[in-house]
Amino acid sequence: QQSRGFRARRVHALLLCTVLRWQVVVDLRAWSRAVRHPTPMAAPWWAAALVTLGVVGLAAGPRGCAAQPVVLASYAQPKLSLRPYDWTYLRVDLPASFSSITMNFATDRDIPREHLRDLPKSDLAIICLMIANPPIPDTSDYYLDNLLSNFLAVGSFGNTNNQSNLVQCIPFQKNTTIVLTNGQISPGIWYIGYFNGLGPARTQSKMISRGRALSVSTSITVEGCPTSALWGPYCNQTIETIGCSQFSRYNNSRDLLGLTINTRKILKTKENTRRTSFLSRSNHPIGHQLESNSTSVVGVENLITCAISNDSLCLRQGDIKFYFLDIVNQALQFEITAANFRLSQSASLICYLRCNALPQRDLHDYSGDISSAPLVIKLPNIGRWYIAIEILNKTQMRNTTAPMLDTICFSFDWQVTGCLNGKTGTDCLWEAYVLQRVPKRNPSVPFESYYVPTDERALLEYSHFSLEKFLTNSSFEQFAWTYFFLDVPQGSAGALIHVQLKSDKELNYELYSKYGGLPSNDSWDYYASRTSSSNSSVFYSLQNSTDSDMDLSIFYAKEGTWCFGVKHPNYTSNSQTYMSISLQGCHRNCNQKGVCHASVDESGLTFYSFCTCDRDHGGFDCSDELVSPNGKSHV
C-alpha cells in the first residue's frame with residue numbers, strides 16, 4: 001500500500017508538471033529529433049524530452065516540476081536459507097542521485113503481529129538496516145521490547161529521519177515491503193542484515209543450535225533522478241552548480257603574510273550567464289603569545305572558494321535553492337557569507353547545511369541567518385555538503401496571514417580553509433600524520449593489515465611505532481593533541497580496527513576516534529582512557545586494559561577515512577609508549593573458543609569475518625559460556 005500510494009503521488013506530480021511545462025517556449029526541433037531518433041537510455045525517451053524541454057534551474061518546493069524517476073539498480077534473490085542462529089548481510093549502494101528504494105521480503109514465516117511478543121529470542125527473525133557498516137542488533141530485553149513496540153504501533157521502521165547512524169530493525173513477516181525515500185535515508189553504502197534467532201547461542205554446534213530454519217526471498221529496486229541536477233523523492237528539486245577555485249600553488253609556503261590571490265573568470269550556466277568571481281580573501285595567520293612575549297605565526301590556506309556575484313541569485317518566498325560542495329581533506333573551517341542584499345525587517349536569509357544528505361527545514365546539521373552574520377562550521381567532516389538557502393518571513397512565523405515577500409536578489413560565497421605544513425586543529429597547532437596501510441603476510445582473512453606513519457621515524461617492517469616520537473610539542477595549553485588519519489579500504493567494512501597502547505609507565509593519554517572528521521573533547525565517535533571509555537555501543541570494546549596498556553576494538557569499521565586523536569599532557573615525557581593500529585578479522589581471535597572464518601555478503605562486494613564457536617560457547621566472539629564445565633546449560 002505504501003508503494004502504490006508513493007507511485008500514485010509521483011505520477012500525479014508528473015502529470016501536473018507536464019501541464020506546466022507546455023506553458024514555456026519549447027524547442028520544436030529538439031522535440032522532433034527526440035521522436036525520430038530516441039537514444040538508448042534507462043529512462044523512456046519522452047521522460048528525457050520532458051527534462052530537455054523544461055525550464056532548467058527551477059527552485060525546489062511547490063513550484064518545482066518533477067521528472068520521471070528511472071531505475072538505477074535492481075537486485076533479486078529467489079531463496080536465501082538461514083539455519084537457527086544464522087545470519088548474513090546484503091550490501092546496497094545508493095548513489096547521490098537516488099530518489100527511493102523499494103525492498104520486498106517474502107519468508108516462510110507467518111506469525112501474526114499480535115503474537116510476536118510471545119516469541120522467545122531464539123525464534124525471533126528480524127531485518128536490520130544500517131548505513132556504512134553491517135548491523136549488529138542489540139539483543140538486550142530493553143532494545144527488543146522497544147523494537148516490537150515501535151513495529152506494532154507503526155508497522156515499519158517508524159521515523160527513520162535523524163536515525164541514519166543507528167541500527168534500524170523490524171521483525172520478519174510473511175510478506176514485508178519497505179519503501180524509503182532520500183528524505184528519510186542518506187545516499188551511501190547501506191547494509192541489510194538477516195538474522196534468524198537472537199541471543200548468545202551463535203554457534204554451529206548441532207547439539208545446541210536447535211530451532212527453525214528460515215527461507216527468505218528478496219527483491220530490491222533503487223530509483224533515482226535522470227540527471228544529477230535533480231533531487232528529491234519526486235525529482236522535483238533542482239541542485240544548481242557554480243564554479244569553484246582551488247589554490248594549491250602555495251601548499252609549501254611557510255608564511256602567507258600579505259599574500260592575496262585574485263582570479264576572475266566567466267561562468268556560463270544553463271539558467272543564465274553569470275559573472276562568477278573566484279575570490280580569495282587574504283590568508284589570515286593565527287598568532288599566539290608565548291611566555292617569552294614572542295609571537296608564533298601559524299599559516300592557513302584557502303583551499304576552495306566558490307562565489308556568485310553581481311546579485312544574480314534571486315529567491316521568492318517559498319523557494320529553496322540547493323547547492324553542494326565536496327570536502328575531500330580535513331579542513332579548518334567552512335564559511336558561508338551573503339552580500340549585496342536588501343531585506344525588509346521582517347525577512348531573513350536562512351541557510352541549512354547537511355553532510356552527505358539534502359537538508360530540510362526540520363532536518364539538517366547546521367543552520368543560520370546569513371543575512372545577519374556568516375555561517376561558520378569548524379572542522380567540518382569529510383564528504384559532500386549540501387547547502388539550502390531560502391527567504392524566511394519572520395512575521396509569517398507568528399501570523400499565518402502575513403503578506404508575501406518580494407523577490408530578493410543577493411550574492412553569496414563559501415570558503416573552505418585548511419592548515420599548512422601538516423598541522424590541524426582549530427588553531428592549526430597540532431601535528432597530523434597520514435598512516436599507510438601495510439597488508440600482512442599470509443593473512444587469515446583477506447583484509448588483514450596494519451598502519452604506520454609515512455615517516456622515517458617508523459619502519460614498515462614493524463606493526464607498531466614509538467608514540468612519543470610523533471607527539472605534538474607545544475607550550476600554549478596544558479594538553480596537546482596529535483592526530484593520525486587512516487583509510488579503511490572499500491570492501492572491508494566487515495573488519496575491525498584494533499588499537500593498542502603499551503607503555504613502560506602509567507598511561508597518561510586519552511584516545512578519541514571519529515569517522516570522516518577530526519575528534520575533539522566535544523565531538524567523537526569512540527573514546528577511551530585509563531579510567532573510562534564509551535562502552536555503550538555494540539560496535540566498541542575496551543578489554544584487558546591496565547594502568548600501562550590500552551586495548552580497544554571498533555567492530556565492522558566503516559569504509560573511508562578514520563581519525564584517531566591522542567590527547568596528552570603538554571610536556572616532554574620520559575616514558576616509552578608503543579602504538580599499533582591494525583585491521584583484523586574476528587575479535588580477539590574468537591577468544592580461543594572457536595575458529596575465525598571470512599565470508600562475503602550476498603552481493604559479493606564486502607568481506608566480513610565471523611566466529612564458529614565450539615559446542616560450549618557462543619556470542620559474537622565466542623565469549624559467552626553456554627555450557628559450564630560441569631555440563632550445566634546457561635541457555
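**Cysteines and cavities**

Modeller: Cys 355 is buried, at a relative accessible area of 16%. Buried is under 20% relative accessible area, exposed is over 50%, and partly exposed lies in between, with a 1.4 Å probe and protein chains only. This is a predicted model, where local features need pLDDT of at least 70 and side-chain atom pairs count only at pLDDT 80 or more, while totals for chains, interfaces and linings use all residues. Residues are numbered from 1 along each chain as its sequence is written, and side-chain values use heavy atoms, with hydrogens and water left out.

Biologist: OK. How many disulfides does the structure hold?

Modeller: Seven. A disulfide here is a pair of cysteine sulfur atoms within 2.5 Å.

Biologist: Which cysteine is joined to Cys 128?

Modeller: Cys 169, with an S to S distance of 2.1 Å. Cys 128 lies in strand 4 (residues 125-131) and Cys 169 in strand 5 (residues 168-171), so the pair ties together parts 41 residues apart in sequence. Strands (E, at least two residues) and helices (H or I, at least four) are DSSP runs, numbered from the N terminus.

Biologist: Why is that disulfide of Cys 128 and Cys 169 called right-handed?

Modeller: Because the torsion about its S-S bond is about 105°.

Biologist: And are Cys 128 and Cys 169 buried or exposed?

Modeller: Cys 128 is buried at 1%, and Cys 169 is buried at 9%.

Biologist: What about Cys 314 and Cys 409, how far apart are their sulfur atoms?

Modeller: They are 1.9 Å apart, and the two form a disulfide. Cys 314 is in strand 18 (residues 300-315) and Cys 409 in strand 25 (residues 408-419), 95 residues apart. Cys 314 counts as partly exposed at 31% relative accessibility, and Cys 409 does too at 29%.

Biologist: New topic. How many cavities of 30 Å³ or more are there?

Modeller: Eight, from a search of the whole structure. On a 1 Å grid over the protein atoms alone, a cavity is a set of points where a 1.4 Å probe fits but cannot get out, and lining residues have an atom within 4 Å of a point.

Biologist: What volume has the largest cavity?

Modeller: About 80 Å³. Volume means the space filled by probe spheres set on the points, which are joined across faces, edges and corners.

Biologist: Which strand gives the largest share of its lining?

Modeller: Strand 39 (residues 607-613), with three residues. The residues lining the largest cavity include Ser 609, Phe 610 and Cys 611.

Definitions and conventions. On a 1 Å grid over the protein atoms alone, a cavity is a set of points where a 1.4 Å probe fits but cannot get out, and a pocket is an open set with protein on both sides within 12 Å along at least five of seven lines; lining residues have an atom within 4 Å of a point.
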